[in-house]
Amino acid sequence: MRAGELAVWRGRLEEFAAEVFAPLAWCDQRVKGGLYLRGLLLDGRRKSMQPMAERMGIDHQRLQQFMTSSTWPVGDVRARLARRAVRAVRPEVWAVDDTGFPKDGKASPGVARQYSGTLGACISISACSGGLGGRVDHDCASARHGVTGQVRSDPAAS
């Protein structure tokens, strides 16, 4: 998405960020969370903090501090995202796909050389990126968001 296109969606994005990042204790954390979301949505091959910050014209330390040293309730944010996804998609079945995505750069965190069935090659892919578009934490996502292998009558209840 280009900056002009993102500007059209700014109000909805701010509303989304306010809902998702509401559990964060400090206003500056919520602002940095919104910046991080904007960076992810903007065009560009690399979605690491420095290239995203360059595209937004901000110091990458703002994103770096938010992601690496600022303490915030990850589980609460994930739960809000899961509830929002359920409302938007209304899934009957959840299928978690561990498909990796090719990564640029040689020093990206969470990257290892491994076979990718989707790409049909042994390349550097992110071990953290799954088909859900983000990190899939199997040990807690399954327990907290109802991915138990059992049929649930109301997935929004998790």
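Predicted model: local features only at pLDDT ≥ 70, side-chain atom pairs only at ≥ 80, totals over all residues.

Trainee: How far does helix α3 reach from its first C-alpha to its last?

Mentor: Helices are DSSP runs of H or I with at least four residues, numbered from the N terminus. Helix α3 covers residues 27–41, 15 residues in total. The expected span is 1.5 Å times one less than the number of residues. For α3 that expectation is 21 Å, and the reach is close to it, at 22 Å.

Trainee: Is K32 buried or exposed?

Mentor: K32 lies in helix α3. Buried means under 20% relative accessible area, exposed over 50%, and partly exposed in between, with a 1.4 Å probe and protein chains only. Because its relative accessible area is 13%, K32 is buried.

Trainee: Which residues is K32 in contact with, leaving aside its neighbours within four places in sequence?

Mentor: Contact means heavy atoms within 4.5 Å. With those sequence neighbours set aside, the contacts of K32 are R62, L63, Q65 and F66.

Trainee: Which residues in α4 meet α3?

Mentor: Helix α4 (49–56) is among the elements covering the buried residues of α3. On the α3 side, the residues are L35, Y36, R38, G39 and L40. Their partners in α4 are M49, M52, R55 and M56.

How values were computed
Residues numbered from 1 in each chain as written. Heavy atoms only, no water. Helix = DSSP H or I, 4+ residues; strand = E, 2+ residues; numbered from the N terminus.
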